[in-house]
Amino acid sequence: SSVAGDGSASGQEAAGEQAPETEEAEETEETEIEEADLSEEADLAPVEMLLALARLDAEAAQAYLAAADAVEPEEMGRQLREFAGDHQRHVAELAPVIEELGVKGAEASVRQLPLLLPVLARMATPLGTQALVLALLNNEQLTNLSYEDALQYDWEDDEMEQLLERNRADEQRHFEWLAARN
């Protein structure tokens with residue numbers, strides 16, 4: 001301890017030589033952990049991926065319904081209800097596939113989860129229509145990205161891939177409509 005603490009050149013060199021090696025070892029370990037975390041995420045089972053999409057669609061539907069009740073232009077409310085219907089249809093179409101993969105009562109269980117997106121829509125309501133549109137636009141960014149991620153999976157079933165493509169097309173249409181009003 002007197003060598004490292006005496007300020008001599010040899011003490012500083014010894015400390016300086018050890019620090020970079022230690023930092024490199026820690027960085028390598030952190031990188032390995034991050035890569036392991038990423039590979040775990042990439043290895044989501046198809047049922048987990050579909051459940052996540054169904055949950056997100058259920059939340060988006062409720063957010064649209066909450067927003068539709070809050071917006072002033074009646075025409076906008078009708079469009080938001082239509083988008084809610086699209087999301088509800090997505091849940092209804094995904095549920096039988098999820099059940100075939102072993103999750104019983106998938107549609108009911110997805111709809112009973114605590115919902116965050118509708119709460120965010122209600123929180124934006126007092127800030128006006130523009131804030132509400134922005135909140136819904138953010139929700140649609142999430143759903144679009146989620147469907148894009150799901151389509152990266154190697155689905156062995158062409159019908160499943162086609163279903164996901166149709167749902168993603170709905171999400172893109174929702175996003176474009178909202179973006180035009182932002």
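How many helices and how many strands does the secondary structure of the protein come to? The predicted model, numbered from 1 along each chain as its sequence is written, uses pLDDT of at least 70 for local features and 80 or more for side-chain atom pairs, whereas totals for chains, interfaces and linings use all residues. Side-chain values rest on heavy atoms, with hydrogens and water left out.

The protein contains 8 helices and 0 strands, assigned as DSSP runs (helices H or I, at least four residues; strands E, at least two) and numbered from the N terminus. Of its 182 residues, 33% are buried (under 20% relative accessible area, 1.4 Å probe, protein chains only).

The axes of helix H3 (residues 46-70) and helix H4 (residues 74-100) come within 8 Å and cross at roughly 160 degrees; axes are lines fitted to C-alpha atoms over the stretch in contact, with angles from 0 to 180 degrees between N-to-C directions. H3 and H4 are therefore roughly antiparallel (over 145 degrees).

The axes of H3 and helix H8 (residues 158-180) come within 13 Å, crossing at roughly 30 degrees. This angle makes H3 roughly parallel to H8 (under 35 degrees). Leu50, Leu53, Asp57 and Tyr64 of H3 form the contact with Met160, Leu164, Glu171, His174 and Leu178 of H8, contact meaning heavy atoms within 4.5 Å.

How values were computed: Angles under 35 degrees count as roughly parallel, over 145 as roughly antiparallel, 65 to 115 as roughly perpendicular and the rest as oblique. Buried means under 20% relative accessible area, exposed over 50%, partly exposed in between (1.4 Å probe, protein chains only).
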